[in-house]
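Take a look at the structure below.

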There are 2 protein chains.
Amino acid sequence: MAGILFVISGPSGVGKSTVRKEVMKRCSGLRYSISCTTRPPREGEINGVDYLFVDLSTFEAMKRQGEFLEWARVHGNYYGTPRKPIEEWLKKGEDVILEIDVQGAKQVKKNFKGGVFIFIAPPSLKALEERLKKRNTDREDEILLRMTNARIEMQCISDYDYLVVNDQLEEAVNKLLSIIIAERCRIRKPHFWGGEK
Amino acid sequence: MAGILFVISGPSGVGKSTVRKEVMKRCSGLRYSISCTTRPPREGEINGVDYLFVDLSTFEAMKRQGEFLEWARVHGNYYGTPRKPIEEWLKKGEDVILEIDVQGAKQVKKNFKGGVFIFIAPPSLKALEERLKKRNTDREDEILLRMTNARIEMQCISDYDYLVVNDQLEEAVNKLLSIIIAERCRIRKPHFWGGEK
């Protein structure tokens, strides 16, 4: 049986990485797909662990060669999800977790009808803005851009299967874990993966 | 928003009650719908807690008056689910858990398109037979009947949304809990409850 593709998405600054990393500590049998990005590493980020940091020309070459399951330009930087490892893991029956932006999730949804799409939302837009300011990794104009995008992205919630509000971290982690356990118990109908490319 | 109807079903002797009771201890906001039955109480069973124990003529009067959401004759006894409390809880936004046999679940599925149907299965038919014998509440011919029915009931799994194999109790409880938490995070599409009668 094919593995399950879990797609975690939501506005920038909502805490996708924190929730996802905590879930992966507590849940075995989950493969994490590392994204490529042209964005410079933030403090503490490690190449090959958090992202594959590449320059623009490398990114464009990969794009031309069809190596991305999805790619997007977000806040002036490029992000892409390498296709090959994901397809191989799923084929072997291993579950895969993707952590990507809302634009990217939309592209993945077109290609993987059987994917499980989880939206991580802030308790409010005001709370999101405070987090972005506290994170202190973005300039003020970047924060404004992220907030504008967040407003648009929040309208996409109804395209997702699950909504997890990240108010208390522990609760959000527990909800995401529960979704993974539940989906592993879900009875998948025949041709469930018929939409898979 | 309407509450969620969780329907727990599976062969007789699989441990539905044990799993369900343990889940209800750990999960708040779940209403349990007590079934009516003409079956005599087993040792330790309390009227109004485990079942509403009624005689055949009371059961038939309730049936005539349309008071059951579903009813079935199982192993020579009648079982029925009173409709009214469930409909009222769901309307008030409270989640409801039903623990019923496979025939009954089939009837509920026709009436509640938005219900969440969970099949509790034994690790094997051999294991189920051993449990029924160990339970020591049924005569040998009753056990034979339960096993014949179990074989038929196991074919209905694909009509369900989730499968929980009750091998280790703690694991089965955790899975059922996860399904409830996950379903509470699920984004319900418009007209989700359109199928509700």
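**Where the chains meet**

Contact, meaning heavy atoms within 4.5 Å, involves 19 residues from chain B and 19 residues from chain A. The model is predicted: local features need pLDDT of at least 70, side-chain atom pairs count only at pLDDT 80 or more, and totals for chains, interfaces and linings use all residues. Residues are numbered from 1 along each chain as its sequence is written, chains are lettered from A and ligands numbered from 1 in the order written, and side-chain values use heavy atoms, without hydrogens and water.

The size of an interface is often given as the accessible area lost when the parts come together. Here chains B and A bury about 1,500 Å² (accessible area, 1.4 Å probe, lost by two parts on being put together, summed over both). Carbon and sulfur atoms give 60% of that area. Cys185(B), Arg186(B) and Ile187(B) supply 35% of what chain B buries against chain A, more than any other three residues.

Charges meet here too. Two salt bridges (a side-chain nitrogen of Lys or Arg within 4 Å of a carboxyl oxygen of Asp or Glu) are counted between chain B and chain A. Arg186(B) forms a salt bridge with Glu183(A), at 3.4 Å from N to O.
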